[in-house]
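Please read this short report alongside the structure shown below.

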Amino acid sequence: NKLDEESLVEQAENLSFPSSVVEFFQGYLGHPPDGFPEPLKSRVLKGKTEIVGRPGETLPPADLKSMESRLKDKYGATNISKRDVMSSAMYPK
């Protein structure tokens, strides 16, 4: 793509970043100690909100029993393990 650091910052508002990059800048994986560099951060986020604090801090407690029941109803009781429930809780997409 022939972008160097300077041209990336200059063109960031017009680039289409993958959702993984946008979510990274939003703080889904936490924040670097000194934050993300400006103006790159603002240009990547394009007005999207940032996560403040520890990722997951504001999530309600997970009801694993209910989640297991829903998965068993959807996929069959013999097809769902405890690992499947945990995977579904951690990676809900």
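Which residues are linked in a network of salt bridges? They are Glu 38, Lys 41 and Glu 50. A salt bridge here is a side-chain nitrogen of Lys or Arg within 4 Å of a carboxyl oxygen of Asp or Glu.

This is a predicted model, in which local features need pLDDT of at least 70 and side-chain atom pairs count only at pLDDT 80 or more, while totals for chains, interfaces and linings use all residues. Residues are numbered from 1 along each chain as its sequence is written, and side-chain values use heavy atoms, with hydrogens and water left out.

**Salt bridges**

Side chains of opposite charge can pair when their charged atoms come close. Searching the whole structure gives four salt bridges, including those in the table.

| Salt bridge | Closest N and O atoms |
|---|---|
| Glu 38 and Lys 41 | 3.7 Å |
| Lys 41 and Glu 50 | 3.1 Å |
| Glu 68 and Lys 72 | 3.1 Å |

Burial is judged by relative accessible area: buried means under 20%, exposed over 50%, and partly exposed in between (1.4 Å probe, protein chains only).

Glu 68 and Lys 72 both belong to helix H4; being four residues apart, they are separated by about one helical turn. Helices (H or I, at least four residues) are DSSP runs, numbered from the N terminus. Glu 68 counts as buried at 12% relative accessibility, and Lys 72 is partly exposed at 28%.

**The nonpolar core**

A nonpolar core is a set of buried Ala, Val, Leu, Ile, Met, Phe, Trp, Tyr and Cys residues joined through side-chain atoms within 4.5 Å. The largest one has eight residues, namely Ala 12, Phe 17, Val 22, Phe 25, Phe 36, Leu 40, Val 44 and Leu 45. At least two residues of this core come from each of helix H2 (19-26) and helix H3 (40-45). H3 gives the largest share, three residues.

Setting aside neighbours within four places in sequence, Ala 12 is in contact (heavy atoms within 4.5 Å) with Phe 17, Leu 40, Arg 43 and Lys 46.

**Helix H2**

Which residues of H2 are buried? Val 22, Phe 25 and Gln 26 are. They lie on the same side of H2, because they cover an arc of only 105 degrees around the axis, taken from the directions from the helix axis to the C-beta atoms. H3 is part of what covers the buried residues of H2. After H2 comes Gly 27, with a positive phi near 105 degrees.
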